[in-house]
Amino acid sequence: MIGIIMGSSSDLPVMQDAIQVCKDFGIPFEVDIVSAHRTPVKMLQYAQTAKSRGVQVIIAGAGGAAHLPGMVASATILPVIGVPVKSSNSIDGWDSVLSILQMPNGVPVATVALNASKNAGLLAVQILAVSDEKLSNQLVDYKKELEDKVAEMSQNTQNKL
């Protein structure tokens with residue numbers, strides 16, 4: 001199972017892509033609002049109990065100072081993937097990117113591009129696929145579809161010349 005959390009409901013539109021990836025690959029998931037600053041006790045409880053609830057990877061999206069992914073990573077042994085979210089009060093999203101990216105040694109957080117929850121979902125699938133042959137095969141098919149789309153675009157471009 002994949003845990004998908006975010007600091008605010010305003011992050012949900014960005015995090016929908018990670019949710020969709022879970023649905024597309026048939027992976028069970030849970031979604032919750034967990035604020036590092038406004039609900040620190042809930043955040044710690046979430047991180048500390050995630051593994052016992054069956055969560056195998058956590059995707060954490062946050063805007064602004066974006067402490068959620070790192071704080072969750074500090075309280076669990078599960079892999080955490082941070083999604084920096086460009087929020088209305090952010091510095092063009094760079095504050096979120098740097099807050100998630102610049103973790104101290106010993107507390108790793110995988111970080112995807114700004115608003116790239118789809119990539120976070122795919123990275124979570126890749127992590128799970130290491131020990132799940134069915135997911136591994138689905139990823140092979142997914143990558144083949146990407147390759148086929150590019151080949152089609154290439155052919156369409158060549159035909160227009």
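Q: Let us begin with Lys86. Is Lys86 buried or partly exposed?
A: Lys86 counts as partly exposed, with a relative accessibility of 42%. Please note that this is a predicted model.

Q: Which residue does the Lys86 side chain meet in a salt bridge?
A: The partner is Asp92, and the N to O distance is 2.8 Å.

Q: How many salt bridges does the structure hold?
A: There are 4 salt bridges. One of them joins the side chains of Lys42 and Asp32, at 3.2 Å from N to O.

Q: What does the pair of Lys42 and Asp32 tie together?
A: Lys42 belongs to helix H2 (residues 40-49) and Asp32 to strand E2 (residues 29-33), so the pair links parts that are 10 residues apart in sequence.

Q: And how accessible are those two residues?
A: Lys42 has a relative accessible area of 33%, which makes it partly exposed. Asp32 is partly exposed as well, with a value of 30%.

Q: Which salt bridge involves Asp148?
A: The side chain of Asp148 meets that of Lys144, with 2.7 Å between N and O. Both residues lie in helix H6, 4 residues apart, or about one turn of the helix. Asp148 is partly exposed at 37% relative accessibility, and Lys144 is partly exposed at 42%.

Q: Let us stay with H6. How many residues does it have, and what distance does it reach?
A: Helix H6 covers residues 133-160, which is 28 residues. From the first C-alpha to the last it reaches 41 Å, close to the 40 Å expected at 1.5 Å a residue.

Q: Which residues of H6 are buried, and what covers the buried ones?
A: Leu135, Leu139 and Tyr142 are buried in H6. The cover over the buried residues of H6 includes helix H1 (12-25) and helix H5 (117-129).

Q: On to H5, then. Is Ser117 buried or exposed?
A: Ser117 is buried, with 0% relative accessibility. This residue is found in helix H5.

Q: What does Ser117 touch?
A: Leaving aside residues up to four places away in sequence, Ser117 touches Val14, Met15, Gln16, Asp17, Ala18 and Val83. A polar atom of the Ser117 side chain lies 3.1 Å from the backbone nitrogen of Ala18.

Q: Where is Asn115 found?
A: Asn115 is in the loop between strand E5 (110-111) and H5. Asn115 has a positive phi of about 65°, although it is not a glycine. With a relative accessibility of 32%, Asn115 counts as partly exposed.

Q: A change of topic: the rings. What lies over the face of Tyr46?
A: Arg53 lies over that face, at 4.6 Å from the ring centre of Tyr46.

Q: And how many aromatic pairs are there, with ring centres within 6.5 Å as the cut-off?
A: The count comes to 1 aromatic pair by that rule.

Note on methods
Residues numbered from 1 in each chain as written. Predicted model: local features only at pLDDT ≥ 70, side-chain atom pairs only at ≥ 80, totals over all residues. Heavy atoms only, no water. Phe/Tyr/Trp six-rings, centres within 6.5 Å; stacked < 30°, edge-to-face > 60°. Lys NZ or Arg CZ within 6 Å of the ring centre and 35° of its normal. Helix = DSSP H or I, 4+ residues; strand = E, 2+ residues; numbered from the N terminus. Expected span 1.5 Å × (residues − 1). Buried < 20%, exposed > 50% of the residue type's maximum accessible area, 1.4 Å probe, protein only. Contact = heavy atoms within 4.5 Å. Polar contact = N/O pair within 3.5 Å; in protein donor to acceptor, adjacent residues only side chain to side chain.
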